[in-house]
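This report walks through a few helices and residues. Please have the sequence and the model in view as you read.

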Amino acid sequence: MSFDSPFHVTVDFNTSHMIFPTIIAVILGILLISILITRGSTILATVTNGAWWPAGIDHKRFFGTLALTVIYFLAMPTVGDKFPNTGLGFYLCSIPYLFALSTLLLHERSRRTLMIAAANALIAPTLVWYILSELFNISLP
């Protein structure tokens with residue numbers, strides 16, 4: 001990616017797919033550092049006491065989140081291969097992933113909260129897909 005002027009950005013199509021993972025990796029690294037700074041002593045005390053698994057964890061939500069995330073990342077390239085260079089793999093997989101994840105994490109599943117989860121599942125990926133794929137011309141899976 002080169003920035004010749006503030007109003008002209010040239011994106012190398014061969015490496016543009018690495019922009020988003022790099023941004024996510026940096027954000028996750030910052031979050032890890034902040035967790036270690038704020039909760040490092042609690043984590044160290046838990047690990048040294050021999051109780052390596054947190055007490056009172058919601059196993060359904062924890063393992064459900066892990067399973068949904070793995071399925072999401074495995075499905076994205078498969079769907080993306082059916083619509084190459086359009087970003088529809090990201091878009092079409094993100095909608096059910098966000099709805100399923102939101103539904104899994106809801107404490108109260110009323111009509112109102114499910115409608116909010118559905119609206120979020122439609123609006124958020126649409127905006128992200130449009131901004132990254134159409135405005136910035138970044139290739140998505």
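## Helix H4

Helix H4 covers residues 111-135, which is 25 residues. At 1.5 Å a residue, H4 should span 36 Å, and its end C-alpha atoms are 35 Å apart, so the two agree. The expected span is 1.5 Å times one less than the number of residues. Helices here are DSSP runs of H or I with at least four residues, numbered from the N terminus.

This is a predicted model, where local features need pLDDT of at least 70, side-chain atom pairs count only at pLDDT 80 or more, and totals for chains, interfaces and linings use all residues. Residues are numbered from 1 along each chain as its sequence is written, and side-chain values use heavy atoms, with hydrogens and water left out.

## The buried side of H4

Which residues of H4 are buried? They are Thr113, Ala117, Ala121, Pro125, Trp129, Leu132 and Ser133. Buried means under 20% relative accessible area, exposed means over 50%, and partly exposed lies in between (1.4 Å probe, protein chains only). An α-helix has 3.6 residues a turn, so residues three or four places apart point the same way.

The cover over these buried residues includes helix H1 (19-48) and helix H3 (88-105). After H4 comes asparagine 137, with a positive phi near 55 degrees.

## H3 against H4

The axes of H3 and H4 come within 8 Å and cross at roughly 155 degrees. That makes H3 roughly antiparallel to H4, a label for angles over 145 degrees. Axes are lines fitted to C-alpha atoms, for helices over the stretch in contact, and angles run from 0 to 180 degrees between N-to-C directions.

From H3, the contact includes Leu88, Phe90, Tyr91 and Ile95. From H4, Leu114, Ala118, Leu122 and Val128 are among the residues involved. Contact means heavy atoms within 4.5 Å. The residues of this contact divide into 15 nonpolar, 5 polar and no charged. Ala, Val, Leu, Ile, Met, Phe, Trp, Tyr, Cys and Pro count as nonpolar, Asp, Glu, Lys and Arg as charged, and the others, Gly among them, as polar.

Threonine 103 sits in helix H3. Its relative accessibility is 19%, so threonine 103 counts as buried. Leaving aside neighbours within four places in sequence, threonine 103 is in contact with Arg109 and Leu114.

Phenylalanine 62 lies in helix H2 (residues 59-82). Phenylalanine 62 is partly exposed, at 32% relative accessible area. Beyond neighbours within four places in sequence, phenylalanine 62 is in contact with Trp53 and Ile57. Phenylalanine 62 and leucine 106 are 44 residues apart in sequence and 13 Å apart in space, C-alpha to C-alpha.

Key:
Helices (H or I, at least four residues) and strands (E, at least two) are DSSP runs, numbered from the N terminus. Angles under 35 degrees count as roughly parallel, over 145 as roughly antiparallel, 65 to 115 as roughly perpendicular and the rest as oblique.
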